Each structure stands twice: as structure tokens, then as C-alpha cells.
Amino acid sequence: VRKKGVKDFEFGKTLGEGSYSTVVSARDRSNGREYAVKILDKKHIIKEKKVKYVNIEKNTLNKMNHPGIVRLYYTFQDPDSLYFVLDHAKNGELLTFIKKLGSFDLNCTQYYASQILSAIEYMHSQGVIHRDLKPENILLDDKMHVKVTDFGTAKILEQNADGEEDDRANSFVGTAEYVSPELLKEKAACKSSDFWALGCIIYQLIAGRPPFKGTNEYRTFQRIVNLEYSFPDGFPPIAKDLVQKLLVLNPSERLGSAGKGGVERLKAHSFFQGIDWDALWQQPAPRLL
Ligand SMILES: NC(=O)Nc1ccc2c(c1)=C(Cc1cc(-c3cccc(C(=O)NCCN4CCCCC4)c3)c[nH]1)C(=O)N=2
């Protein structure tokens, strides 16, 4: 089968701009299928020493096959750019909806939190830690189902099993408001780091803002490592209990960590009562009110 190339696609509107990439909608000329093509400028990637991150993104996405994770269909290049042909999630970023609606009700929060947790459980089962989960990286498709994206800063655990130092040493830190205390203090992410981010996202869906937000990045980091946050009046007690069990400074004490019964124990929290984890991706999304 001939490898796809730029000429096989009709490019449309820009869907998003990253620091090293632009995402553009594109239609496959042979079958009319719509995709989102992530275009990376080769010169920029080499100059900014990001080649490793591009390979991590390709290697992690190639391992993934889950309804809650953006799928990589093809990759190709031309003299100036690399192209990743990915799922087009028509409804864009979860962040847009949080800004538009202000906050989600408990039922919608439970639904989206369970889809995000299902995607986290799967990527961890594949030995991948996302490390930068945030509402901008959680996309919504035409059925308003979750599609997690942006694995450029993910960590592949098996690579670390060989004791490859650079990942431990690497200075990657996620986005300030969602970064875990262990990543700030020891520069070492673990699976529990994604559960910390989930706690921040659940808090934000209900409160309409993230739990840790300082006037600058440094102040945000200080609030995180000192666990300085509080719940607004009216925050549902069941959600408060879950968030308090996820926003725990010690990663091995966090709900979801292996020492605390693993992800099964987290899925069994009463916040997720009524969620049918096996039918999660077949169910229609609740209307966002
Ligand atoms: N860093 C990354 O990997 N980024 C990626 C990767 C894959 C990918 C990706 C980003 C996508 C981004 C994206 C962005 C958008 C989008 C951008 C701007 C506007 C809209 C939009 O308005 N959609 C219609 C629905 N709106 C949503 C907001 C409320 C009003 C109604 C969608 C749709 N999809 C995508 O579809 N697929």
C-alpha cells in the first residue's frame, strides 16, 4: 500500500497552534474522511531540541488503541515538516466548554471524569504516563465523548525500566496549574501524577477554576507544594471527598496509586456510583447545562 503524503489531503481550517506544532483540519481526497493533521516544523524542532518529544509522541500514540485517546492514522513528512494524521474531534477542547458554561453540574462532571479516568487507566496499562493532562488536552468528538491528546511530553515507563537516566533527569514540568508536587520537587512523574491532574480537573469542572492558581507560575507552584486550596461553598460533598483523596502530596498515598488499591479502588469511589464502566463509551453524553 502506497504511503500517504501531503497530496492525499485537502487542508482546511487551523484547529490549534502549539509551541512546536499547528493542527489543521484535513480531508482524505480518496474517501472524504476528515482528520486533524498535526504539522511540526523540522527546523524549529531541531533548533529547540524537541526531536525526542516528537518520537515519544509517535511511539506512545502508536501503542494506543482506545476510544478515549486520539488515534494516530498515518505519519509522513516533506522537506520542511512532519505530519501526524490524527482523529478530528469536532467539538474541540473541554476548556472551551468550561469557559462557555462556567461550570458543569455533578452528573456531567461524573460522566466526563469517568471517561478521562477510563483513558488514564488504559494508557497506564500500556506503560504510558501522560504528565500534562489538562482541559486543553481533553478534546470532545462529535458525540461529545472524550479524546485525550498531546502525548509529546508523555513518559514511557518501559524506557525507564532500562534505567535510562535522561527521563528521570529531564526537566519537563507540565502546565503549572495541573502539575503534581512530586514533579515539582523530585522531577519524577509516576502514574499517580495523572491522578493528581484528574483531581484538579474534577475540581475545575465543578468550581469553574483550577484549585491552584497563583498570580504567577512560581506562586502557583508554592500553593501546590503547600497544598493551599479550598472548596467554594456548595461544592458537592461526594466530589469534595474524591478531590481530597486525589490532591494528596505524597503520590503513594493518593487514591488510585498501587499502594491505595490501584485504579480499581478509585473507580469504586462513591463519586462514580452508577457509572457502568463497560458501557461507558456506548452511552450518549449528558446534555451540558
Ligand atoms: N496537541 C495536540 O495533539 N493537539 C491536537 C491533536 C489532535 C486533534 C486536535 C488537537 C484537535 C483540535 C480541535 C480544535 C477544534 C476546534 C477549534 C475551534 C473551534 C471549534 C468549534 O467551535 N467547534 C464547534 C463546537 N463548538 C465548541 C465550543 C462551543 C461552541 C461549539 C473546534 C476541533 N478540534 C482535533 O480535532 N484533533
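Q: If a residue counts as near a molecule or strand when one of its heavy atoms lies within 4 Å of it, how many residues surround the ligand, and which are the closest?

A: The ligand is surrounded by 17 residues, and the closest of them are Lys-38, Asp-87, Ala-89, Lys-90 and Thr-149. This is a predicted model, in which local features need pLDDT of at least 70 and side-chain atom pairs count only at pLDDT 80 or more, while totals for chains, interfaces and linings use all residues. Residues are numbered from 1 along each chain as its sequence is written, and side-chain values use heavy atoms, with hydrogens and water left out.

Q: How many residues does helix 2 have, and what does it reach from its first C-alpha to its last?

A: Helices (H or I, at least four residues) and strands (E, at least two) are DSSP runs numbered from the N terminus, and the expected span of a helix is 1.5 Å times one less than its number of residues. Helix 2, residues 51-63, has 13 residues and spans 19 Å between its end C-alpha atoms, close to the 18 Å expected.

Q: Which residues of helix 2 are buried?

A: Buried means under 20% relative accessible area, exposed over 50%, and partly exposed in between (1.4 Å probe, protein chains only). In helix 2 the buried residues are Tyr-53, Val-54, Ile-56, Glu-57, Thr-60 and Leu-61. Viewed down the helix axis they fall within an arc of 160 degrees, so they line one face of helix 2; the arc is taken over the directions from the helix axis to the C-beta atoms. Their cover includes strand 3 (34-41), helix 1 (42-47), strand 4 (72-77), strand 5 (81-87), strand 6 (128-129) and strand 9 (155-156).

Q: Is Thr-60 buried or exposed, and with which residues is it in contact?

A: Thr-60, which lies in helix 2, has 0% relative accessibility and therefore counts as buried. Contact means heavy atoms within 4.5 Å, and, with neighbours within four places in sequence left aside, Thr-60 is in contact with Val-128, Phe-151, Ala-154 and Ile-156. The side chain of Thr-60 also reaches the backbone oxygen of Ile-56 at 2.8 Å, and a polar atom of that side chain lies 3.0 Å from the backbone oxygen of Glu-57. Between the C-alpha atoms of Thr-60 and Thr-153 there are 10.0 Å in space, against 93 residues in sequence.

Q: Where does Glu-177 lie, and what joins its side chain to that of Lys-213?

A: Glu-177 sits in the loop between helix 6 (165-169) and helix 7, and its 13% relative accessibility makes it buried. A polar contact of 2.6 Å joins the side chains of Glu-177 and Lys-213. Apart from neighbours within four places in sequence, the residues in contact with Glu-177 are Cys-200, Pro-210, Phe-212, Lys-213 and Thr-220.

Q: What phi do Lys-187 and Leu-227 have?

A: Most residues other than glycine have a negative phi. Lys-187, although not a glycine, has a positive phi of about 55 degrees, and its place is in the loop between helix 7 (181-185) and helix 8 (191-207). Leu-227 likewise has a positive phi, near 50 degrees, and is found in the loop between helix 9 (217-225) and helix 10 (237-246). Lys-187 is partly exposed at a relative accessible area of 30%, and Leu-227 is partly exposed at 31%.

Key
A residue is near a molecule or strand if one of its heavy atoms lies within 4 Å of it. A polar contact is a pair of N or O atoms within 3.5 Å; within protein, one must be able to donate a hydrogen and the other to accept it, and residues adjacent in sequence count only if both atoms are side-chain atoms.
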